[in-house]
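Dear colleague,

I am handing over the structure that follows, and I would be grateful if you could look through it with the notes below at hand. They begin with a question and then go from one topic to the next.

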Amino acid sequence: MTVGQAQGNLISKPQLQNLSFRLGCPLSDVLDIKYDVAVLLHCIYYFPSANILSQTLEDLHPQVETLGIAEYALQTSLPAQQPHLLAVLAEQALEALKPLGESQSNVQTVLSPRAIIALAGACGWDVVREKIIMPDEGLQDGNWEVGTVYDKGWMDEVDAVLDKKDDGSGRHQAHLSAAQDAVIAAVDRLGSEGTDGVKGMTRVRTMDVWCAVFKRKQA
C-alpha cells in the first residue's frame, strides 16, 4: 500500500521530493496526518483475512480523500490467462484451511472486485470509476502462481495441511487435487495448441487487472 501527499493539481505527476517510502510500517506510523490519495496496489491478496482489509479501509477513511485500488479481476480476456485464474482459486482454497496468520503465501485472501466494492462501501467509500485492463505479456505474476500449483510438491503441502485438519471425509483432499488437475490441464492445453514446440508454462499470461477509484463518503 502507498500513501502520499500531492501539491496543488499535480496528483497525477507527483515530484519525487514529495514522496517517502517506509517498508513494512504499520498504518499507525503514517496516518498521523491527512493525505490526498492512498493506493492499495496489488496487495489485497497478501492480507490474512477480509476483516483485516476492512480494518485498513476504516483506518484510511478519516485521513484520506481518494482511494485507488488495483487488484486481479478474477476474469480473463485470453485462454493463456485461464491457468492463472484457476491457480489463484486453488491457492485460496488451500490457504483457507490454514490457521490465520501462519501463511507465507503470496495468495492468502482472494476477493473479487464486487466483494472489494462491498467491503469499501461498508467502510465509507463510494466507487466513482473502474476499469479492467489486460497486463503486458511480460508481467510474470501469473507464471509464478501457476508454477506453484502445477508443481508436484504442491500436493505435499496440501497433505501436510490436511493432516493437521484431520480430513477424515477426504472432501478437502479431493477438492484440492481436482483444483491442481484443472491448472495442469489448462497449462498443458496451451502447449498442445502451439505449433512451435513451446511448452504451455511459457505461454501462461497474468489475468486481467481491475482498477478503481473511490471517494470518501460525506457524513
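Is glutamate 65 buried, partly exposed or exposed? Glutamate 65 counts as partly exposed, because its relative accessibility is 30%, where buried means under 20% relative accessible area, exposed means over 50%, and partly exposed is what lies in between (1.4 Å probe, protein chains only).

Before going further, please keep in mind that this is a predicted model, in which local features need pLDDT of at least 70 and side-chain atom pairs count only at pLDDT 80 or more, whereas totals for chains, interfaces and linings use all residues. Residues are numbered from 1 along each chain as its sequence is written, and side-chain values use heavy atoms, with hydrogens and water left out.

The overall layout

The chain has 219 residues, of which buried residues make up 41%. Its secondary structure comes to 6 helices and 5 strands, taken as DSSP runs numbered from the N terminus (helices are H or I with at least four residues, strands are E with at least two). Read from the N terminus on, the order of the elements is β-β-α-β-α-α-β-α-α-α-β.

Salt bridges

A search of the whole structure finds 4 salt bridges, a salt bridge being a side-chain nitrogen of Lys or Arg within 4 Å of a carboxyl oxygen of Asp or Glu.

One of the salt bridges brings us back to glutamate 65, which pairs with arginine 216, the closest N and O atoms being 2.8 Å apart. Arginine 216 lies in strand β5 (residues 209–216) and glutamate 65 in strand β3 (residues 64–72), so this pair ties together parts that are 151 residues apart in sequence. Arginine 216 counts as partly exposed because its relative accessibility is 22%.

Which residues are linked in a network of salt bridges? They are Glu95, Lys98 and Glu157, and lysine 98 takes part in both of the pairs described here, with glutamate 95 at 2.9 Å, N to O, and with glutamate 157 at 2.6 Å, N to O. Glutamate 157, by contrast, counts as partly exposed, because its relative accessibility is 32%.

A patch of charge on the surface

Asp151, Asp156, Asp159 and Asp163 gather in a patch of negative charge on the surface. Such patches are made of residues with over 30% relative accessible area and no salt bridge, with like charges joined within 9 Å and nonpolar side chains (Val, Leu, Ile, Met, Phe, Trp, Tyr) within 5 Å. Of these residues, aspartate 163 lies in helix α5 (residues 153–165), and it counts as exposed because its relative accessibility is 64%.

Points along the backbone

Histidine 42 is found in the loop between β2 (35–41) and α1 (50–60), while leucine 74 lies in the loop between β3 and α2. Histidine 42 is partly exposed, because its relative accessible area is 27%, and leucine 74 counts as partly exposed because its relative accessibility is 24%.

Two buried residues in helices

Threonine 56 lies in helix α1 and counts as buried because its relative accessibility is 9%. A polar atom of the side chain of threonine 56 lies 3.0 Å from the backbone oxygen of isoleucine 52.

Valine 187 is found in helix α6 (residues 171–193) and counts as buried because its relative accessibility is 1%. Valine 187 and methionine 201 are 14 residues apart in sequence, and their C-alpha atoms are 5.9 Å apart in space.

With kind regards

Methods:
Accessible areas come from the Shrake-Rupley method with a 1.4 Å probe; for residues, only the protein chains shown count as cover. Lys and Arg count as positive and Asp and Glu as negative; His and the chain ends are not counted. The place of a charge is taken as NZ of Lys, CZ of Arg, CG of Asp or CD of Glu. A polar contact is a pair of N or O atoms within 3.5 Å; within protein, one must be able to donate a hydrogen and the other to accept it, and residues adjacent in sequence count only if both atoms are side-chain atoms.
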